[in-house]
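Me: Please go through this structure with me in questions and answers.

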Amino acid sequence: MTLYAVQKFLYELNRTPAMQSAYTADRHAVLEPFDLNDEEVAALVEPDIGKLFHLGVNGQILMHFAAFHQIEWQDYLQRMRDGIATYGPVREGVYAMTTGLDDVIAPVHSSSKGASS
Amino acid sequence: MSLVFAGVCSHAPGITGRAHMADPDVRDRFYEAFRQMGDDLRAAKPDAVVIIAAEHFANFFMNNMPSFAIGMADSYEGPIEDPGWLGIERRQVPGNRDISQRFITEVMKGSDIAYAEEWKFDHGIMVPLHFLTPDYDIPVIPVNINCQGPPLAPLERAWAFGESMRRACEAMPERIAIIGTGGISHWPATPDSGKINEAWDLDFMDRWCRNDKDALLDADAYNDLQVYSDAGQGGFEIRTYLTVSAAAGGAQGVVHFCEPIPIFAVSCTVATYDLASA
């Protein structure tokens, strides 16, 4: 029931292809051994990237989880911003947000707009 | 001595994974500098390449987090990331258990480290290898400095670790190259990704080139709170750069490329030490 447990699950998933296959087949079964509360399980299963960022999941862990779900880069960034807008500032950890919700930080080069990741 | 090459470079996953989103003019000049570093590295004919990366929870977690760790295997696998997302195919990367074990044994005389006979590479090592040794034909000795999960080792300990690696190189008959990867200022994998403190980066690289120990360990500029404020959580990765400074033993450095590419999330950097100047 802690940020630690959420991150531990994601750490294991991110580095273990067999666990990724099992998770694709049955998300709840793979989550069962981890000590997670309902909010955390729901955020993982959705996946609610914005909620996970709000909970304080380290971005280096969350980024890989988003890639596993085939979430495109700009969409990943937007989902985190939406999470902050919806749920409030990051609760704990070092991955707080320091820019404004509508700031454009890393625009895609004009010649490549519309390209997918 | 057997340290034959020392340098630093960026390792951000966007460098390969988001190549198509960058301004091609800046990107291609950066790639050229990165590949030139690879040419120079291979011209030094190293028997093994030590890559000091701040890994990102590919092998180590807060259940047992070493401040310093070195790999000791004949083979490694990477990347752990989705290959399509990173733009680098998954593969086996050669190591050399014998060279690693002797290197580790020498390093331990000066620094307390962990060793690991299993190690999965993430972008921190795979992105540099993609440019530096594209044929994956030189054994790698992976090194990790914890720059992700605080509490983090003090910079002085990272410096001492670099000195221990220099002494290890001197004690070994093999020709060893050392590459530090990471940083400099960045807020990676957050909504702030792309935010870059260019002035801070250039000032740090000036200190790095001068190989000025006092300036690199400046407690006012580079305590963790100040780094977090000025350079983001990604700034903690200066540990990998200044460890190379210590390993280079007073050599003077040259910055070959250091320009912000926001979609890659960092000031993309390539720099080397002139070991003959030490």
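**Interface and helix packing**

Chain A and chain B bury about 3,500 Å² between them, with 61% of it on carbon and sulfur atoms; buried area is the accessible area (1.4 Å probe) that two parts lose on being put together, summed over both. This is a predicted model, in which local features need pLDDT of at least 70, side-chain atom pairs count only at pLDDT 80 or more, and totals for chains, interfaces and linings use all residues. Residues are numbered from 1 along each chain as its sequence is written, chains are lettered from A and ligands numbered from 1 in the order in which they are written, and side-chain values use heavy atoms, with hydrogens and water left out.

Me: How many salt bridges does the rule find across the interface of chain A and chain B?

Reply: A salt bridge needs a side-chain nitrogen of Lys or Arg within 4 Å of a carboxyl oxygen of Asp or Glu. Across the interface of chain A and chain B, the number of salt bridges found by that rule is 0.

Me: At what angle do helix H1 and helix H2 of chain A pack, and why is H1(A) called roughly perpendicular to H2(A)?

Reply: Helices are DSSP runs (H or I, at least four residues), numbered from the N terminus. Axes are lines fitted to C-alpha atoms, for helices over the stretch in contact, and angles run from 0 to 180 degrees between N-to-C directions. H1 (residues 3-14) and H2 (residues 17-25) of chain A have axes 7 Å apart, at an angle of about 110°. Because angles of 65 to 115 degrees count as roughly perpendicular, H1(A) is to H2(A) roughly perpendicular.

Me: Which residues of H2(A) make the contact with H1(A)?

Reply: Contact means heavy atoms within 4.5 Å. From H1(A) come Phe9(A), Glu12(A), Leu13(A) and Asn14(A). From H2(A) come Met19(A), Gln20(A) and Tyr23(A).

Notes: Helix = DSSP H or I, 4+ residues; strand = E, 2+ residues; numbered from the N terminus. Parallel < 35°, antiparallel > 145°, perpendicular 65-115°, else oblique.
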